[in-house]
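The following note was prepared for a colleague who will work from the coordinates.

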Amino acid sequence: MPALHPRTVSTEAPATYSQPSRKGKKAWRKNVDITEVTKGLDELNEEIIKGGVVAERPSDELFILDTVGDTTIPTKFPKHTAKSLKADEIIAARNSAIAAVSVRKRAGDKTSDGAIPTKRARREYVTVKELSRLRKVADGHHESTVEVTDASYDPWAVVPEPTSSETVKDKRDAKKKAPKSFSEKSISLLASGKPMAAVPTPAGDYSYNPRFEDYEARYTEECNKAVEAEKKRLEEEEIDRVKAEAAARSAAEADAAEARAELSEWDEDSEWEGFQSGGEEMRQTLKKQKRKTKADRNRIQRRKDEERRLKHETKTKLRKEQLERIKQIAQEVAEREQALTLSKAEESDSSTASNNEVLRRKQLGKLKLPEKDLELVLPDELQDSLRLLKPEGNLLKDRYRSLLIRGKMESRRRIPFRKQAKTKITEKWSYKDFNI
């Protein structure tokens, strides 16, 4: 079987090279091959994108004069470049080579063999420059002179206070006054109402290496809190599930009642007629439909109203039962929380009130107080050295929460974006108006 190869399709426009145009003289532009022009324009655009047309750029931008040489040759060919020339080796090995003599004057040798006395530098005479300077000083012309002038003011005199004829006016607005809350005492969010320290003193169980009894007590307490929170979450899920089941049950009952109403309406309008004897098959004879009278319509309407009323009563009864159950659950939770709060308040005194925070139920502001971070490590994470501790927590969050609990400020919510003004774009219809 011969192999099938895919057809190669050219992406360029077809060009007619051999056959000239057969059309008239005015239609010759339709069959002109512009492939070379298009290719040239594409190359020109590429050159413009890369920095400019090559033909228009000066030679200094296209070529450079290399006067240093290739610095990568010694690294590529170290064997050939590290070896010096043979002529240099011969000249360096010869002992008869004499160093070049400098043209400048050289200083004489400081040492001598004693046959020729050494010349000492004359330092006894005065140079011309020094002599001229001494003459200027003798005449009273110094290079740096200090002119002493008498003080024009008395440093010990009493300076009189400046008096201005203009009176200073009080430009403060008497209507703008500080709010009354500035002078009032802050409201603490603790359930006991006691003031809380700005930086509470931690107890012994907060140490990096606490005693076993303190750590075990606090570990057990935090575990109990976690268990209570999980139970509360499960109770809320159960309440939501009961609500969903009740809603689904009421919806199913309403659908069933509606279906029964429709079925009863059809049963009243149709009936079965008698049977034939003599072994013949039973057959249904349809009753001829009659136009409903006003009494029939009133009866159907009364039946529908009654079913609607029963349906509404069923829903209302079910809703009341759910509300009673919700109130009962809420009361149980409130009693449990109150008992737990009272037990903790009795155990804790004023010194430990800041560590074991029991907050009041009615908080200030619309937003809730941010939850406190759990300052507890697991037993396997305890370290016996400060150097091995890992940095945890956030000092800024702790200070902010302390301000909220002490009542210095209200809870705030971070707004990441400022509310922008809404703009509406409309199209003017003035361009459709025209005058004849």
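In the counts of point 2, Ala, Val, Leu, Ile, Met, Phe, Trp, Tyr, Cys and Pro are taken as nonpolar, Asp, Glu, Lys and Arg as charged, and the others, including Gly, as polar. The model under review is a predicted one.

1. The second largest pocket holds about 1200 Å³ of space. Its lining comprises 42 residues, and those closest to the centre of the pocket are Tyr206, Glu375, Glu392, Gly393 and Asp398. Two or more lining residues come from each of helix 7 (212–269) and helix 9 (395–405).

2. With nine residues, helix 9 makes the greatest contribution to the lining of the second largest pocket. By class, the lining of this pocket consists of 20 nonpolar, eight polar and 14 charged residues.

3. Over the whole structure, 17 salt bridges are found.

4. Which parts of the chain does the pair of Glu235 and Arg336 link? Glu235 and Arg336 form a salt bridge in which the closest N and O atoms are 3.9 Å apart. This pair links distant parts of the chain, since Glu235 belongs to helix 7 and Arg336 to helix 8 (residues 294–347), 101 residues apart. Glu235 is partly exposed, its relative accessible area being 30%; Arg336 is also partly exposed, at 41%.

5. About one helical turn separates Asp305 from Arg308, because the two are three residues apart in helix 8. Asp305 has a relative accessibility of 35% and therefore counts as partly exposed.

6. Arg211 and Asp214 meet through their side chains in a salt bridge with an N to O distance of 3.2 Å. Asp214 is partly exposed, with 25% relative accessible area. Salt bridges with shared partners join Arg211, Glu213 and Asp214 into one network.

7. On the surface, a nonpolar patch is formed by Val32, Ile34, Val37, Leu41, Leu44 and Ile48, which together have about 530 Å² of accessible area. One of these residues, Val32, lies in the segment before helix 1 (35–50). Is Val32 buried or partly exposed? Its relative accessibility is 43%, so Val32 counts as partly exposed, given that the partly exposed class lies between under 20% for buried and over 50% for exposed.

Methods:
Residues numbered from 1 in each chain as written. Predicted model: local features only at pLDDT ≥ 70, side-chain atom pairs only at ≥ 80, totals over all residues. Heavy atoms only, no water. Patch = residues over 30% accessible without salt bridge, like charges linked within 9 Å, V, L, I, M, F, W, Y side chains within 5 Å. Areas by Shrake-Rupley, 256 points an atom, 1.4 Å probe, with all protein chains shown as cover. Salt bridge = Lys/Arg side-chain N within 4 Å of Asp/Glu carboxyl O. Helix = DSSP H or I, 4+ residues; strand = E, 2+ residues; numbered from the N terminus. Buried < 20%, exposed > 50% of the residue type's maximum accessible area, 1.4 Å probe, protein only. 1 Å grid on protein atoms, 1.4 Å probe; cavity = no way out; pocket = protein on both sides within 12 Å on 5 of 7 lines; lining within 4 Å. Points joined across faces, edges and corners; volume = space filled by probe spheres on them.
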